[in-house]
Amino acid sequence: MPQVAVIVLAAGAGTRMKSRTPKPLHPLAGKPLIAHVLHTAGELHPEAIVAVVRHERDRMAEAVLEFAPHVRIADQDDVPGTGRAVEQGLDAIADFEGHVVVLSGDVPLIDADTLRSLVDRHEREGNQMTLLSAHLGDPTGLGRIVRDEAGAFVRIVEQKDASDAERAIDEVNGGIYVFDAAALRTALRAIGRDNAQGEMYLTDAALAMQSTGGRIQAVPASDSWAIWGINDRVQLAAAAHELNDRIIRRWQMAGVTITDPASTWIDVDVTLAEDVTILPGTQLHGATAIATGATVGPDTTLVDTEVGEDAVVKRTDATLSVIGARASVGPFAYLRPNSVVGDDGKVGTFVETKNTQIGAGSKVPHLSYIGDTVVGEGSNIGAGTITANYDGQAKHRTTVGSHVRTGSHNVFVAPVTIGDGAYTGAGTVVRKDVEPGALAISVAPQRSMAGWVATNRPGTKAADAAAAADTQAPEA
């Protein structure tokens, strides 16, 4: 592939988004719009990538460098327009003499293969400017590609500057270009601001190049989504659906069963192995990774979570957690950050965990809160257990050993340790360490006060029932 540099335009305010968030930073499939563009730019292996910023400059620059630390940042000044933005982007690569690819930070579905094809054609035909176009059913708001009777490129006309006849053209400028660097620098010096918006249009570079005999070509994209720009939240949602459909199809072809694609959302950085099953209503976000044979869903949301082989995770919300092989989680489980469920472990119905490691084969079956806790192997935590980890000022840890059996409705007041092989009775409040193999109980002896209901609740249905039971009781 010829030597290239990439300029990414990310200076605009994006007012139609009606948002405090700069348009290029709105999320799409787990990443900001501009991160998708930067990733594609990086796949070209360019000599340099330059991001041109202005609106919310520091916030934009920080986001760009987070996803692509090698990118050079260029600042657009007060002169408006894409032409000026590219001009200042070129200043950051002043010595570069190859082909310059110009991308927009709000066109996230452009792919590297399309760009490689565009660059190759630009090189092969000896063009000074090659742009990607598309035929759209509704071209409203976009610049039109004007061609002559033979189909050769004539010019680009913006919507606000177009005649009625030009507005009827359905071939639009996609805002994706390849330029000869030297020709582009010369053309930009000739661009003025005599247009409806008073801006330096990058598209006017075409006229400047043509005036010196430069060759320009517009190449229609085979996939119109490649030029899909995001200007409002309607377009953002449309792009999200399209990208999600592509992600799902890719995983289906790789051996993943997704039973209801319409209700399943998968981010671009998610990793799925063969024979994974994804049930309806599932959302997989961030760097979630699911191993072979696991079943996830229905109605499950995983964020940056690892799921082991043959695990089952149903109706669960998990973030920054690890679920081991053959483990069972849910339904209605909530795994907060730094939760680890060991191989063959279980976190059951209405269980919440946080900063907790549950050992291999250990179970927390139902109705429990387990926070800041380490559980060994093969232990069973009784229903309704709470680890009281917060004293009002600091968090404390609970340690439960291996092969421990705790009773229902226990409270472990941290910091506390339950030794290996220990038992605790139902209703126990554990305030002191329990040595290995011991039974801990904190229940007072039960008392039954005969006749209490008749004395204290006379005339109630309970009293009547008790009296009837007394009359029916057999004589001793």
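1. The lining of the second largest pocket has 8 nonpolar, 3 polar and 8 charged residues. Here Ala, Val, Leu, Ile, Met, Phe, Trp, Tyr, Cys and Pro count as nonpolar, Asp, Glu, Lys and Arg as charged, and the others, Gly among them, as polar. This pocket has a volume of about 480 Å³. Its lining takes at least three residues from each of domain 1 (4–227) and domain 2 (233–440); the domain bounds come from an automatic or database domain assignment.

2. A word on the model. It is predicted: local features need pLDDT of at least 70, side-chain atom pairs count only at pLDDT 80 or more, and totals for chains, interfaces and linings use all residues. Residues are numbered from 1 along each chain as its sequence is written, and side-chain values use heavy atoms, with hydrogens and water left out.

3. The search uses a 1 Å grid over the protein atoms alone. A cavity is a set of points where a 1.4 Å probe fits but cannot get out. A pocket is an open set with protein on both sides within 12 Å along at least five of seven lines. Lining residues have an atom within 4 Å of a point. Points are joined across faces, edges and corners, and a volume is the space filled by probe spheres set on them.

4. Which residues of the second largest pocket's lining lie nearest its centre? They are His36, His39, Thr40, Leu243 and Val268, out of 19 lining residues. Helices H1 (33–42), H4 (112–125) and H8 (233–253) each give two or more residues to this lining. Helices (H or I, at least four residues) and strands (E, at least two) are DSSP runs, numbered from the N terminus.

5. Is His36 buried or exposed? His36 counts as buried because its relative accessibility is 8%; the cut-offs are under 20% relative accessible area for buried, over 50% for exposed, and partly exposed in between (1.4 Å probe, protein chains only). Leaving out residues up to four places away in sequence, His36 touches Leu28, Ala29, Lys31, Pro108, Leu243 and Val268. Contact means heavy atoms within 4.5 Å.

6. The rest of H1 is worth a look. Among the buried ones are Leu33, Ile34, Val37 and Leu38.

7. The largest pocket has a volume of about 1600 Å³. Its lining holds 45 residues; Arg16, Lys23, Thr82, Asp106 and Asn231 lie nearest the centre. By class, the lining has 15 nonpolar, 21 polar and 9 charged residues. Strand S1 (4–10), helix H3 (82–91) and strand S10 (171–180) each supply at least two. S10 gives the largest share, 4 residues.

8. The structure holds 1 cavity of 30 Å³ or more. The largest cavity has a volume of about 30 Å³. Ile370, Thr373, Val375, Ile381, Thr385, Thr387, Val400 and Phe412 line it. Of these, 5 are nonpolar, 3 polar and none charged.

9. Last, the packing. The largest nonpolar core has 50 residues, and Ile266, Leu284 and Ile290 have the most contacts inside it. Such a core is a set of buried Ala, Val, Leu, Ile, Met, Phe, Trp, Tyr and Cys residues joined through side-chain atoms within 4.5 Å. H8 gives the largest share of this core, 6 residues. Domain 1 and domain 2 both contribute residues, so this core lies between them.
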